[in-house]
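Colleague: Could you walk me through how this protein is packed inside? I'd like to go through it piece by piece.

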Amino acid sequence: MASGVLRDGLYMNVFCRFFLLPLGLFSSSLCGPALDSVFAWTLCPLNVLLIIVDDLRPSLGCYGDKAIRSPNIDQLASRSLLFQNAFAQQAVCAPSRVSFLTGRRPDTTRLYDFNSYWRIHAGNFSTIPQYFKENGYVTMSVGKVFHPGISSNYSDDSPYSWSFPPYHPSSEKYENTKTCRGPDGQLHANLLCPVDVADVPEGTLPDKQSTEQAIRLLEKMKTSASPFFLAVGYHKPHIPFRYPKEFQKLYPLENITLAPDPQVPAGLPPVAYNPWMDIRQREDVQALNLSVPYGPIPVDFQRKIRQSYFASVSYLDTQVGHLLSALDDLQLTNSTIIAFASDHGWALGEHGEWAKYSNFDVATRVPLMFYVPGRTAPLPEAGEELFPYIDPFDSVLELMEPGRRVMDLVELLSLSPTLAGLAGLHVPPRCPVPSFHVQLCREGQNLGKHFQLQDLGEDPHLRGNPLSWQQRFLVEE
């Protein structure tokens, strides 16, 4: 593998982490903007924190949904470049994740379901964490990053992608068991599953465990001589909607609106519709005795589904908030790229759908944003917190606008080449056709052009610098 232009070896990493950073050379109050630009982007490799969420549509405040309380993700968006129209390659977990983690389309990975491993059935394609690992990064996986099972060889693609065995929360095994207290006082395997966390097995939930483990890894990497690539995969708002019950209070049922287009479109071809069989298997949905395939769900239960989805999003937001606050506390925000994305969306009654598995906008559109220190937001001053934790239960939340929006239509496939470029690695070349024999290439665009300063003339410390960030990153799209 070709090394990136920022790979100056172990000695440079040690110099950066134990000399430059402690001296505060990334702080504009000590160095001025010239050293911010030159030192941060020509000497020291940037870490990567990749946050992947399961089944999250852009139902977030930063995407204009004023009903949703997502203050911590909104705060991240306020310091990021946000892509308003980003779409997954397929609205199914395994194909989407394998696609954006390899940079190849499902037609190349030959994965449209959950039942094959690309290295065996398609080609020995590199992944983005593998590429970082081969360029000197410590790569770590927490929670659901690859889809578990055969599609990642029952190993989350270890040892290719990760420096250590991936971490999975011990409480994952209870997600689909009878842990939901129903109106009858009994435990059920329900779709709607607000819980008292103290009463569930192990007294915790998977996403809480993932956040705690991710913070432990960040604490260890704080003193490491190597840069890190940490991927954190959150389960919620994936079904079942199993979340701390107090989050229901943020969304009173009387305030929950229905989907604006709840009817199955007239003349819809059967192939374009999914009968949401996965939620029909839940005990509380079975009790509704719905007809298959179109069935409509009673209006009062529709509101409960939407309430629990939104509550799950706010619960997720608190976990993202705790993780980013820890990054601040460890003084890693000035040296860490943060990428935030979802594998696909989820229909909440639009077109009569209650699932992913379709090509409707609500199933394929995803949130996508990148925080790049010193580029999408100024480098933090000494002692400054960029991402202080915000409690979604605060009665008054400050409205935060995204740092900058990109309205162009983009693909989640672009995540891999864009992260490589942002970190200063060589962006993999475009794939030939066919490319089954090529280990490292990309089928998506590099989104580097969107990170250009809007007016380069406003930054004289970058203009004319032969190692300037634009010149090194803005390569072939």
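Colleague: Which residues touch the most other members in the largest nonpolar core?

Modeller: Happy to start there, with a reminder that this is a predicted model, where local features need pLDDT of at least 70, side-chain atom pairs count only at pLDDT 80 or more, and totals for chains, interfaces and linings use all residues. Residues are numbered from 1 along each chain as its sequence is written, and side-chain values use heavy atoms, leaving out hydrogens and water. A nonpolar core is a set of buried (under 20% relative accessible area, 1.4 Å probe, protein chains only) Ala, Val, Leu, Ile, Met, Phe, Trp, Tyr and Cys residues joined through side-chain atoms within 4.5 Å. Of the 75 residues in the largest one, those touching the most other members are Ile51, Leu230, Ile305 and Phe340.

Colleague: Which helix gives the most to this core?

Modeller: Helices here are DSSP runs of H or I, at least four residues, numbered from the N terminus. With 13 residues, the top contributor is H12.

Colleague: How is H4 oriented relative to H12?

Modeller: Helix H4 (residues 71–78) and helix H12 (residues 299–329) have axes, lines fitted to C-alpha atoms over the stretch in contact, 7 Å apart. Their angle, taken between N-to-C directions on a scale from 0 to 180 degrees, is about 50°. Angles under 35 degrees count as roughly parallel, over 145 as roughly antiparallel, 65 to 115 as roughly perpendicular and the rest as oblique, so H4 relative to H12 is oblique.

Colleague: Which H4 residues meet H12?

Modeller: Contact means heavy atoms within 4.5 Å. On the H12 side are Leu316, Asp317, Thr318, Val320, Gly321 and Leu324, and they meet, in H4, Pro71, Asn72, Ile73 and Leu76.

Technical notes
Helix = DSSP H or I, 4+ residues; strand = E, 2+ residues; numbered from the N terminus. Buried < 20%, exposed > 50% of the residue type's maximum accessible area, 1.4 Å probe, protein only.
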